[in-house]
Amino acid sequence: MYETFIDLDELILRCRDKLSRKFIQEAVSCYRAGAFRSCIVATWNAVVFDFLHKLRELELFGDCEAAKLLEEFDNLRSSGKKFKELWQFESSIPEIALTKFELISTVEKSDIERLFEDRSRCAHPSMTSLEEPFEATAELARYHLRSAVTHLLERPPVQGRAARERIFQDIKSEYFPVDPESAIKHFQKSPLARARFVLVKDIVIGLTKNLLLEERLEDERLRQFSALNAISSMYPQDTRKILNDQLSDIIINRVTDENWDKTIVYLGSISAWDSLSEPCRLKAESYIDKIEIYETHQKSSKRLSQNAIFIMTKASHIDFLREVIVKKFQISLDDILSLKESCRDDLFKDKIIIPVLRNLAPQATLDHLLLMISEPVLRSDETIKFYVDQKIKDSYLGELRSTICKYQDKWLLELIESELEVKIPTADLTTLLLSKSTYKSIDEPKASLVELFNDFIAKQVKEEIETISLRDIFILMIFHEDDFFIDLVESDLEEKISTANLEELLKAKSLYKSTGELKSDIDILKLLDDSITQQVKTASLDDLLDQRKYWDDIDDEIIKSVLRINVSAVIDRFSNSKDYNYAGINSTLLVKIAEYLSPVQWENILESFFQNNQLYCSRSCYRGFEALFNKSLELSNSVQPYWITFRDKLNKFNTEHSNSLKRLIDSHG
């Protein structure tokens, strides 16, 4: 510490022990009254009582030497007559404080001894010439006051080796704070509260060597960095002098290549140094230049190395390394943006990430640029704003709609709104509906833009309504739920439905039923059903069978009416089934026409089963025949002779499905 002048009242407040503080207060009063000899005597008394108080504190910590000295003093004092021994005890205080307890340094010992000598001159006139009595000056009295307080009275009882051991033991504890502010509060109640330079130096150099040279768990390293930063805040000039004098030598002479990552982390975590030697700087720059930013992952893919990024982040706090880091960061724009989002180090972001993003702006997509301007410092960057504006002008309406969805940003929306007037007239109907829906969902959409959307939606409907399929109209109505559009197409919907073919009608109804009813002034479902009924009645069997997957949307009686007049054709389709799948489908058709079959037709169907391997080898056909058998029972209440003949012929098959059909017939025999 480099203090030039200390106020007398501050000297009083610095005293730790109450009794010592009382004597110092008395000494200050004497000084102010001009009684300088009395001031020096009172100052020595404060030193004696402070020393005894420190011995008692050390005794509580288990110091046997302190206990022994206290016992010796108590014995001398209790005798009442050993004045010479008590004087010798007092006179030995500076020596004991230095050699046995390291409470003071050698230089400080000389100052305390001088105080004792001057106290003796002031308190014992016989020790000086009677003709020329000792005259204490104001300067001398103030000097002793200051020396007594700064060398001894303001300090805790532990300073030397014991202090070092205690401090390092505290830092090793897992409960030591990992943030410097809390560490400062901790040290203010420790031997570091008003430490001598030599103690500060021992702790700073000890922690520095440990952090640079030793392998430690991350938790312990965090505590060590916290302690070192706390000490540099408490003793900034001392710490800076210590590190500037010795840090370069430690790095060059002691740190191996394998530990240079620790060196970068150290230099980036500790700010209490101003200069490094040129060899240190060159080696640091070379290390950063050669570090691998990416690491190989599974299947040869690459990803950012978290360890490398951590080292780079710390290195960004070192002024002379920043230019090297920016040059090193030749990584993809996606990676740098991802790094920006995850970065919690403001300096690394401002000094490294932001400059790199500025350099990459010309090759960025609109999404990339918008992620960039989410950073406040880049929002006002004119270069990036220029590229954002250009990308918006080059975007299609659909792309702008997507941008509005992703980024709820007023500044961006104003840019997009100015461009919508240009994009809306050239967009197709689907894009207009989607974009209008998105735009209306924002806060306070402009009425003029909504009206512009409606004008061009109406224009597109007028031009395209004849070419849009019925199903596509339903898709537009259902998925956009745009009242303006629905009102536009309702007038054309009846005609669309009445002129659509069966397939279009069935697809439209299936879609309509699966998504829920529309808010419409007309009964769309009834219109569809009526038109489907008319189409089915006039449809050929092939046309009807082509739409079989939609039969659930057709009244079953209407289907049966078509099948009834095509019984022979249905039987022929079954008998000539060309694969297993059609065999199953055709067998279910037989169930629907079962009530219209004559005995001869029953016999022909059952006989044809054994004549076509696509039938008797089809699992789905067996399931169809089980349904067909159950249907025949409903119709006749008994097993007909042709089923008995069929059952006998089934004996030549022995499969899971044939056996199941056998058991079904037998259960009713």
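Helices (H or I, at least four residues) and strands (E, at least two) are taken as DSSP runs and are numbered from the N terminus. The structure is a predicted model, in which local features need pLDDT of at least 70 and side-chain atom pairs count only at pLDDT 80 or more, while totals for chains, interfaces and linings use all residues. Residues are numbered from 1 along each chain as its sequence is written, and side-chain values use heavy atoms, with hydrogens and water left out.

**View 1. The protein as a whole, with its 39 helices and two strands.** The C-alpha atoms fill a box of roughly 160 × 70 × 50 Å, taken along the principal axes. The radius of gyration is 49 Å, whereas a compact globule of 669 residues would have a value near 26 Å; this radius is taken over C-alpha atoms, and the globule rule is 2.2 Å times the number of residues to the power 0.38. Of the 669 residues, 46% are buried, where buried means under 20% relative accessible area, exposed means over 50% and partly exposed lies in between, with a 1.4 Å probe and protein chains only. Among the contacts (heavy atoms within 4.5 Å) between residues at least 6 apart in sequence, 69% join residues at least 24 apart.

**View 2. The packing of helix H25 (residues 429-440) with helix H26 (residues 447-464).** Two packed helices are described by the angle between their axes and the distance between the axes. Here the axes come within 10 Å and cross at roughly 160°; axes are lines fitted to C-alpha atoms, for helices over the stretch in contact, and angles run from 0 to 180 degrees between N-to-C directions. H25 and H26 are therefore roughly antiparallel to each other, on a scale where angles under 35 degrees count as roughly parallel, over 145 as roughly antiparallel, 65 to 115 as roughly perpendicular and the rest as oblique. The crossing of H25 and H26 is left-handed, a term for a near helix turned anticlockwise from the far one by less than a right angle, with right-handed used if the turn is clockwise. On the H25 side, the residues in contact are Leu429, Leu432, Leu433, Ser435, Lys436, Tyr439 and Lys440, and they meet H26 residues including Leu449, Phe453, Phe456, Ile457 and Val461. The residues of this contact divide into 10 nonpolar, three polar and three charged, with Ala, Val, Leu, Ile, Met, Phe, Trp, Tyr, Cys and Pro counted as nonpolar, Asp, Glu, Lys and Arg as charged, and the others, Gly among them, as polar.

**View 3. Ile457, a residue of helix H26.** With 0% relative accessibility, Ile457 counts as buried. Residues up to four places away in sequence being left out, Ile457 touches Leu429, Leu432, Leu433 and Lys436, together with Phe484, Phe485 and Leu488. Ile457 and Phe36 are 421 residues apart in sequence, and 102 Å separate them in space, C-alpha to C-alpha.

View 4. At 71% relative accessibility, Asn637 counts as exposed.

**View 5. His144 in helix H8 (residues 138-153).** His144 is buried, its relative accessible area being 1%. Once neighbours within four places in sequence are set aside, His144 is in contact with Ile40, Thr43, Asp111, Arg114, Leu115 and Asp118. The C-alpha atoms of His144 and Met312 are separated by 52 Å, and these residues stand 168 apart along the chain.

**View 6. Asp367 in helix H20 (residues 366-372).** Asp367 is partly exposed, with 27% relative accessible area. Apart from neighbours within four places in sequence, Asp367 is in contact with Lys406 and Tyr407. Between the C-alpha atoms of Asp367 and Glu341, which are 26 residues apart along the chain, the separation is 14 Å.

**View 7. Thr655 in the loop between helix H38 (641-649) and helix H39 (656-666).** A relative accessibility of 39% makes Thr655 partly exposed. Thr655 lies 591 residues from Cys64 in sequence and 99 Å from it in space, C-alpha to C-alpha.
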